[in-house]
Amino acid sequence: MALSPFDRDLLKVCLAHEPGSWEAFVDRFLGLVIHVVHHTAESRSFRLTLEDVEDLAHEVFVTMLADDLAVLRRFRGDSSLATYLTVIARRVVVRELLHKRVAASSSDTAEMGDLADLAPNAIERIESQEEVERLLTELGEEEREVVRLYHLDGKSYHEISEQLGIGKNTIGPILSRARTKMRQVGADSAVQS
C-alpha cells in the first residue's frame, strides 16, 4: 500500500515542527500503536495492565520523537506510513518486553511467556522497513503473505486462514519456516557486512 497524500502532508508538517502537528500525528496513530502493543504482548503471552499498555505506547512515541524525529525522517515512503509505524512500534514493544523479562524475578518469569526466540541481536538486525521488505523478498509467495498478515497487519491465525483460504493449523508451521529463512538471510547478511 502506498503512502497516502494525507499521511504525506501530516509527516511533512511534523518534520517541520509546525504547531499542533505532533498532536495531530499522535491522534492519527495512537489507535494503531495501542493495537500493536496489545497484539505483540498477546502473541507472546504477556499479560499487560492498562498502565503497561500506556507505558509501552508512550515508549513507542518517545522513540519516534528521539533525535529530532529520526525514525520518521528515515521513512522513505515505499509503503504506507501505518505499515512503517507498525514495524517501529512492534520493535519497540518487543525490546521493552525483553527488558521486562530480564528484570523479572524467577517467580514472575512463568507468567511472562516464552520470549527466548527473540534475541536482542535479532531485533537490532531488523532496523528498518527496508530490511523487513528485503527479508520478505527471500520468502515464497505464501510464506511472504502469511508473514505480512501476521507480523505487519496483526491478523490472527483465524483471519489469515479465512483471507488466504488455507488451514488454520498450517499457519504456525508456515510462520516457523519463514522465520527460519529470514533469520538465515539476516545472519548471512551480517557475515557479509
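**Figure 1. Salt bridges across the predicted model.** A search of the whole structure, which is a predicted model, finds six salt bridges. Side chains of opposite charge can pair when their charged atoms come close. Three of these contacts, including the pair formed by Asp-7 and Arg-28, are treated in the views that follow.

**Figure 2. Close-up of the salt bridge between Asp-7 and Arg-28**. The closest N and O atoms of this pair are 2.6 Å apart. Asp-7 belongs to helix H1 (residues 5-15) and Arg-28 to helix H2, so the contact ties together parts that are 21 residues apart in sequence. The aspartate has a relative accessibility of 5%; because buried means under 20%, Asp-7 counts as buried. Arg-28, with a relative accessible area of 41%, is partly exposed.

**Figure 3. Close-up of the salt bridge between Arg-73 and Asp-68**. Here the closest N and O atoms are separated by 3.1 Å. Arg-73 counts as partly exposed at 40% relative accessibility. Asp-68 is likewise partly exposed, its relative accessible area being 41%.

**Figure 4. Close-up of Glu-59, Arg-95 and Glu-96, joined into one network**. The side chains of Arg-95 and Glu-96 meet in a salt bridge with an N to O distance of 3.4 Å. Arg-95 has a relative accessibility of 30% and counts as partly exposed. Salt bridges with shared partners link Glu-59, Arg-95 and Glu-96 into a single network.

**Figure 5. Close-up of the largest cavity and its lining**. One cavity of 30 Å³ or more is found when the whole structure is searched. The largest cavity holds about 30 Å³ of space. Its lining is made up of His-39, Thr-40, Ser-43, Arg-44, Arg-90, Tyr-150 and His-151. Two elements, helix H2 (21-43) and helix H8 (141-152), each give two or more residues to this lining. Helix H2 gives the most, with three residues. By residue class, the lining of the largest cavity divides into one nonpolar, four polar and two charged residues.

Key: Residues numbered from 1 in each chain as written. Predicted model: local features only at pLDDT ≥ 70, side-chain atom pairs only at ≥ 80, totals over all residues. Heavy atoms only, no water. 1 Å grid on protein atoms, 1.4 Å probe; cavity = no way out; pocket = protein on both sides within 12 Å on 5 of 7 lines; lining within 4 Å. Points joined across faces, edges and corners; volume = space filled by probe spheres on them. Helix = DSSP H or I, 4+ residues; strand = E, 2+ residues; numbered from the N terminus. Nonpolar A, V, L, I, M, F, W, Y, C, P; charged D, E, K, R; others polar. Salt bridge = Lys/Arg side-chain N within 4 Å of Asp/Glu carboxyl O. Buried < 20%, exposed > 50% of the residue type's maximum accessible area, 1.4 Å probe, protein only.
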